[in-house]
Amino acid sequence: MSELWFTEKQTEHFGITIRVNQTLHTEQTEFQKLDMVETEEWGNMLLLDGMVMTTVRDEFVYHEMVSHVPLFTHPHPEKILVVGGGDGGVIREVIKHPSVQKAVLVDIDGKVIEYSKKFLPEIAGKLDDPRVNVQVDDGFMHIANSENEYDVIIVDSTEPVGPAVNLFTKGFYAGIAKALKEDGIFVAQTDNPWFKADLIQNVFRDVKEIFPITHLYTANIPTYPSGLWTFTIGSKKYDPLKVDESRFTELETKYYTKELHFAAFVLPKFVKDIIGE
Ligand code: SAM
């Protein structure tokens, strides 16, 4: 029997390769190519346009780090917006915070939500929680139509290709600042420093021009190209590096800890160089 291996090419000379047991679903949606596959090493895995979005085994790293860093930085996060994130992993983490009263998820592609519920129930299982409002819409338009509404906005988008191109623009970050309340915080996934240094540099510069407090932090995600992943956080008032330790309450996590909250902001020299710090 022939073996099936999937490779996400990062450059013409480097990629990440995973053996696939079987394809569970494949479809060209209105916005992107969606593949749901079963793997031995990482469990079920969602691919969009040939890029790994999430796997059952290592998803907790990304979803915890993109959620708990901003939510513990804000002293009382009540209303949260997730742009993208149709697999539901960020929502699952966000609603672990007892202060959260409403979490809105806006993903442009309803098929991602549908097939995540079917094949990634461990990740998507909280999308039907009563505090969660799921909307199938363009996150850029949702932001453009929102004002002074959210405590925390999390951008869990695909890379800046296809439907996500607008989500990496300065205009979008300005819209996020408008959509946030006066003490709001936002965070976006900003890819890896080995191959996407330009992206990180540009986003960091744009966010810094809009938000008085801007930082970059990292996490280790084995199934994302290079393994070292970055997140850019922009805040109007609260500094994630000055969170009062008494505010960290016990949550069930597998990667995030209060020590790691601060440690994640300690950057390797070559990453500091990318953002000019
Ligand atoms: N964690 C992943 C990563 O970093 O590779 C990304 C997760 S994936 C669920 C990202 C989602 O962003 C996809 O479901 C895609 O449909 C959604 N998306 C892309 N462009 C969008 C847009 N303009 N508005 C809303 N959602 C968008």
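Let's start at Ser157. Leaving aside neighbours within four places in sequence, Ser157 is in contact with Val83, Gly84, Ala164, Leu167 and Gln189. Contact here means that two C-beta atoms, placed from the backbone, lie within 7 Å. Ser157 is found in the loop between β9 and α6. Is Ser157 buried or exposed? Buried, with 23 other C-beta atoms within 10 Å. The cut-offs: buried is 20 or more other C-beta atoms within 10 Å of a residue's own, exposed is 12 or fewer, partly exposed is in between, and these C-beta atoms are placed from the backbone.

A word on the model. This is a predicted model, where local features need pLDDT of at least 70, side-chain atom pairs count only at pLDDT 80 or more, and totals for chains, interfaces and linings use all residues. Numbering runs from 1 along each chain as its sequence is written. The protein chain averages a pLDDT of 97, and 100% of the residues score at least 70. That score is the predictor's confidence in each residue, from 0 to 100. The model scores ipTM 0.98 and pTM 0.98.

Back to Ser157, and to the record. UniProt, in an unreviewed entry, lists His63, Asp87, Asp156, Ser157, Thr158 and Glu159 under "binding site". UniProt positions are in the numbering used here, feature names are shortened, and annotations may be inferred rather than shown by experiment. Take His63. His63 lies in helix α1, residues 59-73. His63 is buried, with 27 other C-beta atoms within 10 Å. Not counting residues up to four places away in sequence, His63 touches Gly89, Val90, Arg92 and Glu93.

The unreviewed entry also lists, for "binding site", Gln32, Asp107, Asp138, Gly139 and Pro163. Two of these in turn. Asp107 lies in strand β7, residues 102-107. Asp107 counts as buried, with 26 C-beta neighbours inside 10 Å. Beyond four places in sequence, the contacts of Asp107 are Gly84, Gly85, Gly86, Val112, Ile113 and Val136. Asp138 lies in the loop between β8 and α5. Asp138 counts as partly exposed, with 17 C-beta neighbours inside 10 Å.

Next, the sheets. Helices (H or I, at least four residues) and strands (E, at least two) are DSSP runs, numbered from the N terminus. Two strands pair if DSSP finds at least two bridges between them. Which strands form the open sheet of seven? The order is β8-β7-β6-β9-β10-β12-β11, with mixed pairing. The edge strands are β8 (132-136) and β11 (213-220), each pairing on one side only. Neighbouring strands are turned by 15° against each other on average, direction ignored. Axes are lines fitted to C-alpha atoms, for helices over the stretch in contact, and angles run from 0 to 180 degrees between N-to-C directions. β10 and β12 run antiparallel, joined by five bridges. There, Phe186 stands opposite Gly234 in β12. Helix α7 packs on this sheet, touching β10, β11 and β12, and its direction makes about 15° with that of β12.

Now helix α6, residues 170-179. Its buried residues are Phe172, Tyr173, Gly175, Ile176 and Ala179. Down the axis of α6, they fall within an arc of 155°, so they line one face of the helix. That arc is taken over the directions from the helix axis to the C-beta atoms. Covering the buried residues of α6 are, among others, α5 (139-144), β9 (150-156), β10 (180-189), α7 (197-210) and β12 (228-235).

The other sheet. Five strands make an open sheet in the order β1-β2-β3-β4-β5, with antiparallel pairing. β1 (4-9) and β5 are the edges, each with a single partner strand, so one side of each has no neighbour in the sheet. The twist averages 50° from one strand to the next. β2 (15-28) and β3 (33-39) pair over seven bridges, antiparallel. Gln28 stands opposite Lys33 in β3. Helix α3, residues 110-119, packs on the sheet and touches β2, β3 and β4.

Last, the β4 and β5 hairpin. Four bridges join β4 (43-48) to β5, which run antiparallel. Leu48 stands opposite Met51 in β5. Two residues sit between the strands, and Asp49 takes a positive phi near 50°. What about burial in β5? Four of the five residues of β5 (51-55) are buried, so this strand is largely enclosed by the rest of the structure.
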